[in-house]
Amino acid sequence: MSPTQWDLPVELCCRPMAFVTLTGLDVVYNAVHRAVWDAFCANRRADRVPISFKVLPGDHEYPKCRPKRTSYEWYIPKGILKTGWMNKHLNLVPALVVVFYELDWDEPQWKEKQSECATRVEIVRQSLQGRNTKVAVVLIQKKTPLPPGEDVIASERAAALCNACELSGKSLFVLPHTDHLVGYIIRLENAFYEHAQTYYYTEIRRVKSHKEFLNKTTHQLLFVRHQFKIAFFSELKQDTQNALKNYRTAYNLVHELRAHETNILEIKTMAGFINYKICRLCFQHNTPLDAIAQFRKHIDLCKKKIGSAELSFEHAAWMSKQFQAFGDLFDEAIKLGLTAIQTQNPGFYYQQAAYYAQERKQLAKSLCNHEASVMYPNPDPLETQTGVLDFYGQRSWRQGILSFDLSDPEKEKVGVLAIQLKERNVAHSEIIITLLSNAVAQFKKYKCPRMKSHLMVQMGEEYYYAKDYTKALKLLDYVMCDYRSEGWWTLLTSILTTALKCSYLMAQLKDYITYSLELLGRASTLKDDQKSRIEKNLINVLMNESPDPEPDCDTFAGKTAQKLWADRISLAGSNVFTIGVQDFVPFVQCKAKFHAPSFHVDVPVEFDIYLKADCPHPIRFSKLCVSFNNQEYNQFCVIEEASKANEVLENPTQGKMCLVPGKTRKLLFKFVAKTEDVGKKIEITSVDLALGNETGRCVVLNWQGGGGDAASSQEALQAARSFKRRPKLPDNEVHWDSIIIQASTMIISRVPNISVHLQHEPPALTNEMYCLVVTVQSHEKTQIRDVKLTAGLKPGQDANLTQKTHVTLHGTELCDESYPALLTDIPVGDLHPGEQLEKMLYVRCGTVGSRMFLVYVSYLINTTAEEKEIVCKCHKDETVTIETVFPFDVAVKFVSTKFEHLERVYADIPFLLMTDLLSASPWALTVVSSELQLAPSMTTVDQLESQVDNVVLQTGESASECFCLRCPSLGNVEGGVATGHYIISWKRTSAMENIPVIRTVITLPHVIVENIPLHVNADLPSFGRVRESLPVKYHLQNKTDFVQDVEISVEPSDAFMFSGLKQIRLPAQAFYSYQYFCQATGSTHG
């Protein structure tokens, strides 16, 4: 049997569509006919009716129809389903034959044309004799027909043509060849589809009519056959619900058949066909759970129907194909919109198909291992006269024989032998790899990484068995990373063993060395004797010798590999292999650790390299190199021990580079950092450990950073979580897990030996020149050079503080905005041991709040490190936080000339402006002078002079001034009238004389000015005597533009007697006098 015998027939897998043949079309030479054919076939959208069209000549011979059977009494069927039946009804026997004929209603030679058309129809009928196929006629016309009933000639001639062709009116159509051809074609299609539906309905009834002649004793096969045919015709009729119902019935009938070794293959074949149809229709009806349930039922019923033990691999092949076909159906349904989930997707079915394909391979290996002398039978028992079987699932050497007894055992034996010999030539690995590849794609799509990795391992192994070692290595390399990261060491060891075999058989040096290094390591679960063999082979390779063959390799492939290794040895080439270990787990572990996170530049940098071997035997390395981000340090961190290639496993305890399994080796390195690296980080970028030498082969293990491999992070995490007590080790040994990689350190400047003191009197006052005295004293043993001072506001603070803080060394002049907030690199000369210097720094703070000031002193000094003289730049900084406060608070108020509080003042009426200066400074303040700058809207009544010149205010004391002002009439001013500015000149009392005076400008508040129509002014002496007269004058002034009359009344008082009118009426612009006579002493009111 051919290897493709398990593939499902194309006619089973396709979607059944009504088959309609078109005759009378010359699609090659006639452009009109070609356009008609293209309209039927081109761009068929999903919304068009499902019809399969085919152009055939009018005299085409259709398959002959067998005579109708009137009785099944003596009929014994020879099989269930003929191999050509589905194809016959899909592609050979039409449901409808359409005869195309060019004929217009106004044709002059109508009679002759009508006769010719009838003849063509008759020829078609003759070729379809005995079949129920429908016949229709389509007249291709040049003109667009008139609406029905309007063209009398057309109606008459149409009836005449139907009579001549023996057609009903529903079978005659007109196709005008106009611009709307496609629209007419679609209407024709719908009519054809109705005729096809009728045909298939008739066929279903015809098959059903046979059932009454059948009996279940001798016609069991016919029950299945007829039920299958009914279902298939229902599909052609597009009645999928009835099709599914009949397929289910057919499936149950198949399993009611009595199974035997002789017919088990036919039963399984038909069960597989029907199951495929059921599952396909369930997916089509969007009931995927029904499809899955049917498939599971199908597998449960058939998985034990193995058949002949000698051909059990056929059962595995059939099972594999069942799972593959269902996976294809599932995947196709997903592409059409079905939603799958992670736990139920096509990948599981492809995986199971691959499993049965592997089982098929194993069974074939055990059942088809005939001697080479066994020849293929001649004649071939698997060949038939027609080249194909008559019935699906039957044996070619006993077709149609349904007896359970084998009439010719010898012929059976030869047939089995032929199948076994054919099976031996099947590319099983190729089949398995294809199925696994499909499964991997599905698991990748549905994010199942572990399933994907597991199947990729199986694919790699199949490639290995198929002797495609390159692809095997590529796949195995890919999945090794996942198993390393998750710690599946047993699985990783198995994969590495296969990979090592592949690299050996291809004589791939670098891969062979890499896999050997990992199989010797702690991640490998191999036994010690296996590791010893691998270690010996590795050393042989390093000595430029061939390794011993890997166990369980194919004999022929092993011999080929030995020749390849011999060629590798003879060819000259690069003998140094650099292998990065960050992606795998070698048998040597490495950790680098600096002694401290930072080193002063005058102290040697020290670090340790820890090495530990996990191989079975002690091993000697030839060289260790440490690389840094600054390559100038690389030369100081190299250990090299000369040794011969054959000494790698000899003298294991001699030399620094000999590693004993399980023991930690510590190697100390030190070097002096360069002064230009102060403030920089020194990092170990890589550690290289060389095994072997360049005369043979040399392997350089490269650790990135400070060491660690693919398993280190996981092991460190486990060690951190472990509560297991570590055993006590000798003093010179350490626990490997307790060593923490520290691959970088900082180089910091030498420790300064100077003192920096800051002297000042906080807090600072706003806008004053605040003095900060910096004292620097050297405690070094030698002279320090190039001393520089950086002082001012510490960077990194609020930008507003930077803009409002100014620093200078000269306190005799006020700072403005051009002065910086930080003075940098101020040279102050050299200092001898014990010498000190002072520097005065003046700071002006424009706003209140806290500020952090920095004083940074740097210098150069000569010193030695590791007997090497170096020039060190040292620095020391001090920071101080200074609070800035207001020096004083100023209160301003407006009062009348009687010192009564005023909310508003009156035009041209004098009033008093009073200022109170309250000291808020903890230090004594000297008010040098004050000044009142009036606005243009204000005038002074008397001379403006400072009343607080050179007044010293202690904390909490205040100084007041009073100014008599007048505001002329300005009309109604919204928001009040500006008063002016009050300027105070002041300084700290303790400040030196050359410190400039600070001028603080206070903006006086606005005042509301009101105009009044009448001013009254009393002119009276400051005192009077008892029993003496006291003259009093009242001045009245009219401020309006009109004459005003006023009435004056004087109220009596017990303290005074007065002479004059008690009540008087007079013009407003006047004055009036009274004589008062005092009767009591003290302060009295009149």
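Colleague: Is glutamate 761 buried, partly exposed or exposed, and how should I read that label?

Modeller: The label rests on relative accessible area: under 20% is buried, over 50% is exposed, and partly exposed lies in between. Glutamate 761 has a relative accessible area of 34%, so it is partly exposed. Please keep in mind that this is a predicted model.

Colleague: Which residue forms a salt bridge with glutamate 761?

Modeller: For a salt bridge, look for a side-chain nitrogen of Lys or Arg within 4 Å of a carboxyl oxygen of Asp or Glu. Here the partner is arginine 988, and the closest N and O atoms are 3.5 Å apart. Arginine 988 sits in strand β34 (residues 980-988), while glutamate 761 is in the loop between β18 (754-759) and β19 (764-765), so this pair ties together parts that are 227 residues apart in sequence. Arginine 988 itself is buried, at a relative accessible area of 7%.

Colleague: What else is there to see in the loop between β18 and β19?

Modeller: Proline 763 is found there. A cis peptide bond joins proline 762 to proline 763, with omega about -5°. There is another cis bond to look at, between asparagine 378 and proline 379, where omega is about 5°. Proline 379 belongs to the loop between α12 and α13 (409-424).

Colleague: Back to salt bridges. How many salt bridges does the count come to?

Modeller: By the 4 Å rule, the count comes to 30 salt bridges. One of them joins the side chains of glutamate 550 and arginine 533, at 3.4 Å from N to O. Glutamate 550 is in the loop between α19 (528-542) and α20 (555-570) and arginine 533 is in helix α19, so the pair ties together parts 17 residues apart in sequence. Glutamate 550 counts as buried at 5% relative accessibility, whereas arginine 533 is partly exposed with a relative accessible area of 27%.

Colleague: Lysine 64 and glutamate 61 also meet in a salt bridge. Are these two residues buried or exposed?

Modeller: Both lysine 64 and glutamate 61 are exposed. Their side chains meet at 3.4 Å, N to O.

Colleague: And which residues are linked in a network of salt bridges?

Modeller: Arg44, Arg48 and Glu189 are linked in that way.

Colleague: Now the charges on the surface. Which residues gather in a patch of positive charge?

Modeller: A patch takes in residues with over 30% relative accessible area and no salt bridge, with like charges joined within 9 Å. The positive patch gathers Arg205, Lys208, Lys211 and Lys245. Arginine 205 lies in helix α6 (residues 181-209) and is exposed, with a relative accessible area of 53%.

Colleague: Which residues form a negative surface patch?

Modeller: Asp786, Asp825, Asp830 and Glu835 form it. Aspartate 786 is in strand β21 (residues 784-793), and its relative accessible area of 37% makes it partly exposed.

Colleague: Let me turn to backbone angles. Where is lysine 467 found, and what is its phi?

Modeller: Lysine 467 has a positive phi of about 65°, although it is not a glycine. Its place is the loop between α15 (449-465) and α16 (469-486), and at 43% relative accessibility lysine 467 counts as partly exposed. Aspartate 552 is another non-glycine residue with a positive phi, about 65°. Aspartate 552 is in the loop between α19 and α20 and is exposed, with a relative accessible area of 70%.

Colleague: Helices next. How many residues of α11 are buried?

Modeller: The count is 21 of the 24 residues, so α11 is largely enclosed by the rest of the structure. Helix α11 (residues 312-335) reaches 35 Å from its first C-alpha to its last, close to the 34 Å expected at 1.5 Å a residue. After α11 comes glycine 337, with a positive phi near 120°.

Colleague: One more helix residue, please. Is lysine 365 buried or exposed?

Modeller: Lysine 365 is exposed, with a relative accessible area of 63%. This lysine is in helix α12 (residues 346-367). The C-alpha atoms of lysine 365 and glutamine 420 are separated by 9.9 Å, and the two residues are 55 residues apart along the chain.

Definitions and conventions. Residues are numbered from 1 along each chain as its sequence is written. This is a predicted model: local features need pLDDT of at least 70, side-chain atom pairs count only at pLDDT 80 or more; totals for chains, interfaces and linings use all residues. Side-chain values use heavy atoms; hydrogens and water are left out. Patches are made of residues with over 30% relative accessible area and no salt bridge: like charges are joined within 9 Å, nonpolar side chains (Val, Leu, Ile, Met, Phe, Trp, Tyr) within 5 Å. Accessible areas come from the Shrake-Rupley method with a 1.4 Å probe; for residues, only the protein chains shown count as cover. Lys and Arg count as positive and Asp and Glu as negative; His and the chain ends are not counted. The place of a charge is taken as NZ of Lys, CZ of Arg, CG of Asp or CD of Glu. Helices (H or I, at least four residues) and strands (E, at least two) are DSSP runs, numbered from the N terminus. Buried means under 20% relative accessible area, exposed over 50%, partly exposed in between (1.4 Å probe, protein chains only). The expected span of a helix is 1.5 Å times one less than its number of residues.
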